Amino acid sequence: MLAVKIENLTKIYKKRYFLKPRYSVGIKNLNLEVEEGETFGLLGLNGSGKTTTIKLLLGLLFADSGQAFIYQHKVPDRQASNLVGYLPEAPYFYRYLSAQEIIDFYGRLSGIPEQDRHKKIDEILELVNLAKNRHKRLAEFSKGMLQRVGIAQALIHDPKILFFDELITGLDPVGITEMRSLVLRLKERKKTIFLSSHIISEIVKVCDRVGIIKEGALEKIVDLRQLKNKDAELEKIFLSTVMPSSQESVS
Amino acid sequence: MNILPIAEYTIMENIRSKIFYILLLFVFIMAGSSLVFSSLAPDTEARVITDIGLACIEMFTLLTGIFAAVNLVLQEIENRTIYLLMTRPLRRWEYIVGRYLGVLVILCFNVITMLSVLILLLKLTTSWTIYPMFVWSAVAIFFKMIIIVAVALTASLVFTSSITAMAFSFLMWVLGHFSSELKLMAERVQSLLAKGFLYLLYYAIPNFQLFNLKDKLGIPEGMPLDVVSIVLLYGLIYAAIFLVIGSLFFSKKEF
């Protein structure tokens, strides 16, 4: 069963400078399918369209043409929102709330009844290893801890699909290891995971397939399960895709 | 329906952002006024403190209301906390209405607190006794806020600039207090274009003069309930129109 389906999706950004419109391509004619239970990575340089793709799937941006589906729901759709959990790049939270309060708030918005919410919050905070710090204000949290709060809020309503945008950017090695192990645990739970990154070494450790995106166009899809030396081979494929001329000169 | 959690967190956000410090300023001004005017005859002193007090309640509530309403959504977009809200099964209009109601609760609390301080001060310093019109005047100030908060919130969504939205809201506030003058000018002006424009302003801008019950403080018996109901209904209709416009703009917004 397809968890994500994207058909000819195009997003052009329009900005006005002194009343003169300027256009830039977010993504163009993007086609992509992600199977249920799969961990899919979108790999690309900065500004290649990774975040735009995720935001279009989540209804934060509206497409100029094409369409996208979360399961059978054409996005943007309120029912599709119930099926997804999202962690943006460098998430910002209400720093005056505690970890428990913020998870409770997002749980309420996701329509979880109060009696179930308390139990779920306990479970999730245990999963992301924040149970001991549940009453601490987020203003006192480290970047790694905030990222774990981010994962917790994405999981509170038990979504089928998780979207992680640049999950490990800015984290120290301990934070990176924690995030990786969390993703692997979610993978064991058969969650569909759609993540974006520009860090090849991390993507190969968790993903089943990788889509390489360049200047808003999906250039290649690589099945990592078929590669022997995943790290080196994916790096080679990636570099030859995003900067073919320099790859030739390196060779 | 997700209006309630949004309203609740708006209240919590405002409480923790120390917005209530403005109440301390009110207490200082009122204490100062009572000292300055203590040399006046008791009746005059009570009247002056009442006027200053109600004017301060209105001004402080207006400033707090416009500032809070304009920054509600804009700050959330700037801080990117909006991402995690808009990816929840939350309708965009629910978010706007929840934010709006949250600010109104805060303003209601502000009005009640300032009014209590004023009553206490008048009781302690003069032989003043409370009368219905006095309370209605404070209620009418809150009714004005029902409109102006909706105006400010909508302006922030339309202009996406806090300075422009605040300026627009203040302009609406000022023009709304000159409704009868706008109508008079529209009736007298010769040019058809100017006449049309003035009538447009007259009908589009809420008439805040309707709420100015503090001008009628000399009539102590109070306002008939049907008049108050009509004034409240008028405020609610205007607020609803602005909130619908704001929600429409917000529904098209990308993050």
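## Nonpolar core

A nonpolar core is a set of buried Ala, Val, Leu, Ile, Met, Phe, Trp, Tyr and Cys residues joined through C-beta atoms within 7 Å. Buried means that 20 or more other C-beta atoms lie within 10 Å of a residue's own; exposed means 12 or fewer, partly exposed is in between, and C-beta atoms are placed from the backbone.

This is a predicted model: local features need pLDDT of at least 70, side-chain atom pairs count only at pLDDT 80 or more, and totals for chains, interfaces and linings use all residues. Residues are numbered from 1 along each chain as its sequence is written, while chains are lettered from A and ligands numbered from 1 in the order in which they are written.

The largest nonpolar core holds 134 residues. A:Ala152, A:Phe163, B:Val149 and B:Ala152 have the most contacts inside it. Helix H6 (residues 132–159) of chain B gives the most to this core: 17 residues. Helices (H or I, at least four residues) and strands (E, at least two) are DSSP runs, numbered from the N terminus.

## An open sheet in chain A

Four strands of chain A form an open sheet in the order S2-S1-S4-S5, with antiparallel pairing. Its edge strands are S2 and S5 (73–74), each pairing on one side only. Two strands pair if DSSP finds at least two bridges between them. S1 (residues 2–17) of chain A and S2(A) share 12 bridges. A:Lys14 has A:Tyr23 in S2(A) as its bridge partner.

## A:Lys28

A:Lys28 sits in strand S2 (residues 20–35) of chain A. It counts as partly exposed because it has 18 C-beta neighbours inside 10 Å.
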